[in-house]
Amino acid sequence: MVFGQVVIGPPGSGKTTYCNGMSQFLKLIGRKVAVVNLDPANDALPYECAVNIEDLVKLSDVMVEHSLGPNGGLVYCMDYLEKNIDWLESKLKPLVKDHYLLFDFPGQVELFFLHSNAKNVIFKLMKKMNLRLTVVHLVDAHLCCDPGKYVSALLLSLSTMLHLELPHINVLSKIDLVESYGKLAFNLDFYTDVQDLSYLQYHLDQDPRGEKFRKLTKELCGVIEDYSLVNFTTLDIQVSVLHYCEI
């Protein structure tokens, strides 16, 4: 059985930086690791890439050939990858014997709670190649500074967990920078443990832009609490040992 991580997160969450750092960490402790870039929007990769989707399909070519924007182009690329899954399997076969795999997926969040192509790719690989994968979902910690954005991040995390149906770790990335965006309304444990969200209501009510959405926001918070699935660990790029890497 081969182990690995499916690394996802919105643009700017630091997923590619995470893949680079985790790859270096695993090599330092003596493990063989292979990073698989499945993000056709990644122009400059900071890590050594064992498999690159651009050898199969390029986002820039897709956008020109089919007159698509970046989002539509990424959906097309994932559809194309799913239809050509044999190509990816052939690239992975030499690696699955003794490598830990890191899959760097696109940052388009709709691929992981709305569309089925990325999920189908993951599950086909797991079934055909006997992979055991864990999702690492990165969310920029600065969203904690805005109650509305924090609730959105919670809802995104929950939707992704339910859609992918895999072992799942939600990570607040760039935690070392969170104070630069402003003072948090509560201590960090409130945001990582996803405690009683009713405490956010006062702060949400202070924003006049959200007045007509107050009832909706309250109901969304109720949905998140009813499922009671979402919590976060934290990632500080300055910390050399990642306490959550034992997955």
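Q: How many residues are in the largest nonpolar core, and which have the most contacts inside it?
A: The largest nonpolar core has 39 residues, and those with the most contacts inside it are L81, L88, L92, F103, F105, L125 and L131. A nonpolar core here is a set of buried Ala, Val, Leu, Ile, Met, Phe, Trp, Tyr and Cys residues joined through side-chain atoms within 4.5 Å. Buried means under 20% relative accessible area, exposed over 50%, partly exposed in between, with a 1.4 Å probe and protein chains only.

Q: Which helix gives the most to this core?
A: That's helix α6, residues 117-129, with 6 residues. Helices (H or I, at least four residues) and strands (E, at least two) are DSSP runs, numbered from the N terminus.

Q: What about caveats on the model and numbering?
A: It's a predicted model, where local features need pLDDT of at least 70, side-chain atom pairs count only at pLDDT 80 or more, and totals for chains, interfaces and linings use all residues. Residues are numbered from 1 along each chain as its sequence is written, and side-chain values use heavy atoms, with hydrogens and water left out.

Q: OK, what does L81 touch?
A: Not counting residues up to four places away in sequence, L81 touches L38, I53, L56, W87, L88 and V121; contact means heavy atoms within 4.5 Å. Another core, of 24 residues, lies apart from that one, and V151, A153, C221 and F232 are among its members.

Q: Switching to strands: is β6 buried or exposed?
A: Mostly covered: 6 of the 6 residues in β6 (168-173) are buried. H168, N170 and L172 sit on one side, with I169, V171 and S173 on the other.

Q: What follows α7?
A: E165 does, and its phi is positive, near 55 degrees.
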